[in-house]
Number of protein chains: 2
Amino acid sequence: MARRSYGQICGLSRALELVGERWALLIIRDLVASPKRFTDLRQGLARIPTNVLSARLKELEQSGVLQRRILPRPATAVVYELTPYGRQLDGILLDLGRWGAQSLGPPGPDDIYTPDSLMMAMRACYQGDGTGASVAEPVSYELRVHDIVISLTVRNGQLGVAGGSLPDPDLVIETGPGFAALVTGRMSPSEAIENGSVRLTGDPRLLTEFANTFRI
Amino acid sequence: MARRSYGQICGLSRALELVGERWALLIIRDLVASPKRFTDLRQGLARIPTNVLSARLKELEQSGVLQRRILPRPATAVVYELTPYGRQLDGILLDLGRWGAQSLGPPGPDDIYTPDSLMMAMRACYQGDGTGASVAEPVSYELRVHDIVISLTVRNGQLGVAGGSLPDPDLVIETGPGFAALVTGRMSPSEAIENGSVRLTGDPRLLTEFANTFRI
DNA sequence: CTGGATCCCTCACGATACTG
DNA sequence: CAGTATCGTGAGGGATCCAG
């Protein structure tokens, strides 16, 4: 093989040979949340050419980072899911995301949000310590940013994240670009409500709890 | 610019735009140990074309990951060094190196060791807890793998790593390819001494201490 | 000698169209 | 839905050359 090797005996070099190609880590990011089909990945990554997605999936499967699985019954569907080895990248992706977020400039006109990137972002800024010391647990939020929807649940200090709606959230938070200001602390919850940056359905006092739970 | 953007509002995407290009993270790995000149980097990365090294250094400087500095006196030399922002990647690089090292196969004929990759590897498998609870502190090792030499010092539970020799090491460890077996625990210190995988200069009992301190 | 710049070639990537 | 086929472009690889 010897394809595109860096020629060094080094764990980092090896890691980059496995997941350092363009788009690879973003594919893995999307698979961290849940196994996905080709078309789901294509949609979540928007600008990825299908041949590149094909190539990456083959390479990552061969490397043992993910596996291709054929769903048995009703529908003959193919899904890609991380192996245990691939799942070990989760924490690293969160760290790298936090690092990159520090230099995130204003969004360009063509830049998009995706459910999986928002889910990763919320996990990255989750402040829970696993002790369940928070005041209002268990609590569930539905978060709507532009046209994407994810659900967050905090129970026993553990954060659960899922795409789409969950039944009976304690608080629904609808927001737009100003959402970042809330999480970074540049805008207080009361300010956010007053100037219309967020629209709430549920107990408004929970927004303060939310802003304390998720903070960069 | 907008060149090579992933088109997503996401910390991870941003991180990959900054340091996801080929060779970028290896350049940063080498700069973690110490500021370096163009030629030092070129040597540590062996297979990197000079134009690519040039391009990466410019991009990373523009991104605020590293800075170019001109040494004032005796020699007019240019060095590249990480900014505080770039230095934040240190822990992530260690994690990623540990992850990749798990799937590191047998070295190819043209694969090389470099001082910086060995230094990173030793930092990655350092088991100290910062408490200085170890038995033999302070202790210093000189590690020779093939033709590269690095120095390790453990004091107050803190690991210090440097390229080249330091005066009066407590133990000099000369080894070859079998070194990995010692650190992974596949070979015990006494075995390693018996079958000639390592040659020691100094107190041989310190090899057990070494094997406990550095373990993958 | 360091610190690059320049040239050329190849292949990976990007965009789009198309198929089982 | 899950990819493959085709083709243009530009980044990476490799060698050489040049200024201070």
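In this predicted model, in which local features need pLDDT of at least 70, side-chain atom pairs count only at pLDDT 80 or more, and totals for chains, interfaces and linings use all residues, the surface near DNA strand D takes its greatest contribution, 4 residues, from α4(B). Residues are numbered from 1 along each chain as its sequence is written, while chains are lettered from A and ligands numbered from 1 in the order in which they are written. Helices (H or I, at least four residues) and strands (E, at least two) are DSSP runs, numbered from the N terminus.

**Surface near DNA strand D**

- Around DNA strand D there are 17 residues, of which R37(A), F38(A), T39(A), S54(A) and P49(B) come nearest; a residue is near a strand if its C-beta atom, placed from the backbone, lies within 6 Å of it.
- Two or more residues each are given to this surface by α3 (38–45) and α4 of chain A and by α4 of chain B.
- The surface near DNA strand D divides into 6 nonpolar, 6 polar and 5 charged residues, where Ala, Val, Leu, Ile, Met, Phe, Trp, Tyr, Cys and Pro count as nonpolar, Asp, Glu, Lys and Arg as charged, and the others, Gly among them, as polar.

**Surface near DNA strand C**

- DNA strand C is surrounded by 16 residues, and the closest are P49(A), R37(B), F38(B), T50(B) and N51(B).
- At least two residues each are supplied by α4 (50–62) of chain A and by α3 (38–45) and α4 (50–62) of chain B.
- The largest share of the surface near DNA strand C, 4 residues, belongs to α4(A).
- By class, this surface has 6 nonpolar, 6 polar and 4 charged residues.

**Contact between chains A and B**

- Chain A puts 43 residues into the contact and chain B puts in 43 residues; two residues are in contact if their C-beta atoms, placed from the backbone, lie within 7 Å.
- On the side of chain A that touches chain B, the elements giving two or more residues are α1 (11–19), α2 (24–33), α6 (90–101) and α7 (115–124) of chain A.
- Of these, α6(A) gives the most, with 9 residues.
- That side of chain A comprises 24 nonpolar, 12 polar and 7 charged residues.

**The α6 pair**

- The axes of α6(A) and α6(B) (residues 90–101) come within 10 Å and cross at roughly 155 degrees; axes are lines fitted to C-alpha atoms, for helices over the stretch in contact, and angles run from 0 to 180 degrees between N-to-C directions.
- This crossing angle makes α6(A) roughly antiparallel to α6(B), a term used for angles over 145 degrees.
- I92(A), D95(A), L96(A) and W99(A) of α6(A) meet I92(B), D95(B), L96(B) and W99(B) of α6(B).
- The contact of α6(A) with α6(B) has 6 nonpolar, no polar and 2 charged residues.

**Buried positions in chain B**

- In helix α1 (residues 11–19) of chain B, 8 of its 9 residues are buried, meaning that 20 or more other C-beta atoms lie within 10 Å of the residue's own, with C-beta atoms placed from the backbone.
- The buried residues of α1(B) pack against α2, α6 and α7 of chain A and against α2 (24–33) of chain B.
- A192(B) lies in helix α9 (residues 189–194) of chain B and counts as buried because it has 21 C-beta neighbours inside 10 Å.
- Leaving aside neighbours within four places in sequence, A192(B) is in contact with G178(B), L182(B), M187(B), S197(B) and V198(B).

Conventions:
Angles under 35 degrees count as roughly parallel, over 145 as roughly antiparallel, 65 to 115 as roughly perpendicular and the rest as oblique. A residue is buried if 20 or more other C-beta atoms lie within 10 Å of its own, exposed if 12 or fewer, and partly exposed in between; C-beta atoms are placed from the backbone.
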